[in-house]
Amino acid sequence: MKRAGPYRRALQAFLEYLRDQRHFSPETLRAYNTDLEQFHEYLAGGSGDEPPGPESIDTMAVRGFVAHLSRLATIKALSTVKKGLNREWYSMSGRRPYWSR
């Protein structure tokens with residue numbers, strides 16, 4: 001089995017600190033873990049490689065990740081808008097919509 005790299009070791013230590021010292025709930029710890037795993041994937045660039053340890057992560061990496069999340073949220077929001085538009089389009093087609101006059 002592959003040994004955990006510096007990022008995963010730091011992640012584990014951080015989650016243990018939040019659990020043991022700050023008494024975070026299991027749900028909050030799960031959410032933090034999910035978010036930080038997503039950051040891990042972003043830093044690895046989809047290669048599956050271990051990203052650098054936390055000491056090598058700078059503000060530009062964090063800003064890039066936030067921009068990445070923003071793009072994903074925009075795509076998700078646009079998808080929701082498209083679904084709503086399609087529902088409306090098809091519901092209007094049975095009621096002689098203005099575009100068929």
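Reader: Of the contacts in the chain with a separation of 6 or more, what percentage comes from residues 24 or more positions apart?

Author: Contact here means heavy atoms within 4.5 Å. In this chain, residues 24 or more positions apart account for 48% of the contacts with a separation of 6 or more. Please keep in mind that this is a predicted model, where local features need pLDDT of at least 70, side-chain atom pairs count only at pLDDT 80 or more, and totals for chains, interfaces and linings use all residues. Residues are numbered from 1 along each chain as its sequence is written, and side-chain values use heavy atoms, with hydrogens and water left out.

Reader: Which elements does the chain hold, and how many?

Author: Helices (H or I, at least four residues) and strands (E, at least two) are DSSP runs, numbered from the N terminus. This chain has three helices and zero strands, in the order α-α-α from the N terminus on.

Reader: How do I read a pair of aromatic rings?

Author: You look at the distance of the centres and the angle of the planes. Rings of Phe, Tyr and Trp (its six-membered ring) pair if their centres lie within 6.5 Å; planes under 30 degrees apart are stacked, over 60 edge-to-face, and the rest tilted. Four aromatic pairs occur in this structure. F24 and Y32 are edge-to-face because their ring centres lie 5.7 Å apart with the planes at 85°. One aromatic cluster is formed by Y7, F39, Y42 and F65.

Reader: Are F24 and Y32 buried, exposed or partly exposed?

Author: Buried means under 20% relative accessible area, exposed over 50%, and partly exposed in between (1.4 Å probe, protein chains only). F24 has 22% relative accessibility, so F24 is partly exposed; Y32, at 33%, is partly exposed too. Of the 101 residues in the chain, 17% are buried.
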